[in-house]
Structures are given as structure tokens and as C-alpha cells.
Amino acid sequence: MSRVGLGEDGDVAQRRRGFETAGDMVRSMGLVLLGVAALLLLTLRDEPDDPVTVVDASVVESTTSQARAAAPFALEAPLGLDDGWRVTSIRYQPGTDAGSVWHIGYITPADDYAAVEQTDGEVMDALEGQLPEPEEDGAAQVGGRTWTRYVDQTSDRRALVVDGAASELAVAGTADWAGLEELAGALAPSAG
């Protein structure tokens, strides 16, 4: 006679608790593993090839236009950079005690970071987060202007800085000097 059968009242008789078989355990584990596999398939995604978030060109254009209209200085933005230069951040902060600040950040074709910082305040204050311990490191002639080179003593960051009549301008980041000079050379002031 089998262990599982009809009881006296016609219902299926149950195994007593604690007498489950190895087959029962295997079936239970299989169901749990199927649930875990389904959950993993739903939540796992391929990593993007490029983890950098690129700012859409229309956002860059409109933000630049709005900043040019609001800035108390001739705002400078790069012109003619090739497609390898990808904008990752762009913002304009109107005047505070530290002055107005224009920022546009890039990932270079060599996958380094480079940014334009322009302010009618102290540009080294605007660069404080990028170059906490800047040290002067010579000069460079770029775009008809003399830029002062700075290197940070605590990181691989560097900057080119030029003083203008109404604002100070810097190009800074982890890019090498050639990358920073390419960005600096592409800068063009607004017409007004």
C-alpha cells in the first residue's frame, strides 16, 4: 500500500511533517533557483559602452545663448572642436559675492576631462575644487594670448589661466597640456 492515499474521509492523506524526501528538497530548491534566475534576468542589464553622460547639443546651444545674454562679461565658448569633444556639464551662475561663473565641461578625445571656467570674480576661487593646491608652472602662448600654467600638487590636474579686462578665464582638468591648449585655442568671445 502506498504512503499517500485516500484517508477515511476521502481526502488525500498527507505525509507527516519531518518525513519529506530528498526529491522534495530537490524540487523545492529547483523552484527557488528558477525564481532567483528570473529575478536576475529582470534586473541585470548590460553596462553601457560609454558611462559618460553627454549633454545634448540643443541644451548646450540654448544654455550658452542664455548665459551670453545674462553675463556681465563677454562670455567665451569653444568653436570648431571636433566630435571627439563631448560636453558633460554646462552652467551659468549669476553674480554672487564671488562673481558670476560660466562653466562648460568636456571629455576630450583622449577620454580626459577639460573645462572652461570664466568669472568676473577670482578664477582661482572657481577652480578651488579642481586645483586645491595650484602652483605656477610657466606660460603658454595660445590663441594670441599669454596663459599662465598651473599644476596641482595633490593630483594630476592642471590649468591655463588668462586675465582679461572684465573677467578671468581658465581651462582646467586632467587633460594634458596639448588638450588644454586645444580647448583654449578654440575659445571665442561673444559678439556682445
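The model described here is a predicted one. Of the 192 residues in the protein chain, 36% count as buried, and the accessible surface comes to about 12100 Å², with 53% of that surface belonging to carbon and sulfur atoms. Among contacts between residues at least 6 apart in sequence, 46% join residues that are at least 24 apart.

**The sheet**

- Seven of the strands form an open sheet, in the order β2-β3-β4-β8-β7-β6-β5, and the pairing within this sheet is antiparallel.
- The edges of the sheet are taken by β2 (86-93) and β5 (134-142), each of which pairs on one side only.
- On average, and with direction ignored, neighbouring strands of this sheet are turned by 20° against each other.
- Strand β2 pairs in the antiparallel sense with β3 (residues 101-107) over seven bridges, and within this pairing Ser89 has Gly105 of β3 as its bridge partner.
- Strands β3 and β4 are likewise antiparallel and pair over seven bridges, with Val101 standing opposite Thr119 in β4.
- Beyond β4 comes β8, which runs antiparallel to β4 and is joined to it by six bridges; here the bridge partner of Ala114 is Gly173 in β8.

- Helix α4 (residues 177-186) lies across β3, β4 (113-119), β5, β6 (145-152), β7 (158-163) and β8 (168-173), and the helix runs at about 30° to β7.

**The covered strand β4**

- Strand β4 is mostly covered, since seven of its seven residues are buried.
- In a regular strand, side chains alternate between the two faces of the sheet.
- Both faces of β4 are covered, with Tyr113, Ala115, Glu117 and Thr119 buried on one side and Ala114, Val116 and Gln118 buried on the other.

**Nonpolar cores**

- In soluble globular proteins, nonpolar side chains tend to be buried together.
- The largest nonpolar core in this model has 31 residues, and those with the most contacts inside it are Trp102, Ile104, Trp147 and Leu183.
- At least two residues of this core are supplied by each of α2, β2, β3, β4, β5, β7, β8 and α4, and α4 gives the most, with five residues.
- Apart from this core lies another, made up of eight residues, among them Tyr150, Ala159, Val161 and Ala170.
- Once neighbours within four places in sequence are left aside, Trp147 is in contact with a set of residues that includes Gly138, Ala139, Ala140 and Val142, as well as Leu160, Val162, Leu169, Val171, Ala184 and Leu187.

**Arg86 and Asp111**

- Arg86 lies in strand β2 and has a relative accessible area of 17%, so this residue counts as buried, the cut-off being under 20%.
- The side chain of Arg86 is joined to that of Asp111 by a polar contact of 2.8 Å.
- Asp111 itself belongs to the hairpin of β3 and β4, which has five residues between the strands, and there Asp111 takes a positive phi near 65°.

**Two places around β6**

- Gly143 has its place in the loop between β5 and β6, and with a relative accessible area of 64% this glycine is exposed, because the cut-off for that class is over 50%.
- Although Gly143 and Ala184 are 41 residues apart in sequence, their C-alpha atoms are 7.3 Å apart in space.
- Val151 lies in strand β6, and its C-alpha is 8.1 Å from that of Glu133, a residue 18 places away in sequence.
- Not counting residues up to four places away in sequence, Val151 touches Leu131, Glu133, Pro134, Glu135, Asp137, Arg157, Arg158 and Trp177.

Key. Residues are numbered from 1 along each chain as its sequence is written. This is a predicted model: local features need pLDDT of at least 70, side-chain atom pairs count only at pLDDT 80 or more; totals for chains, interfaces and linings use all residues. Side-chain values use heavy atoms; hydrogens and water are left out. Two strands pair if DSSP finds at least two bridges between them. Helices (H or I, at least four residues) and strands (E, at least two) are DSSP runs, numbered from the N terminus. Axes are lines fitted to C-alpha atoms, for helices over the stretch in contact, and angles run from 0 to 180 degrees between N-to-C directions. Contact means heavy atoms within 4.5 Å. A nonpolar core is a set of buried Ala, Val, Leu, Ile, Met, Phe, Trp, Tyr and Cys residues joined through side-chain atoms within 4.5 Å. Buried means under 20% relative accessible area, exposed over 50%, partly exposed in between (1.4 Å probe, protein chains only). Accessible areas come from the Shrake-Rupley method with a 1.4 Å probe; for residues, only the protein chains shown count as cover. A polar contact is a pair of N or O atoms within 3.5 Å; within protein, one must be able to donate a hydrogen and the other to accept it, and residues adjacent in sequence count only if both atoms are side-chain atoms.
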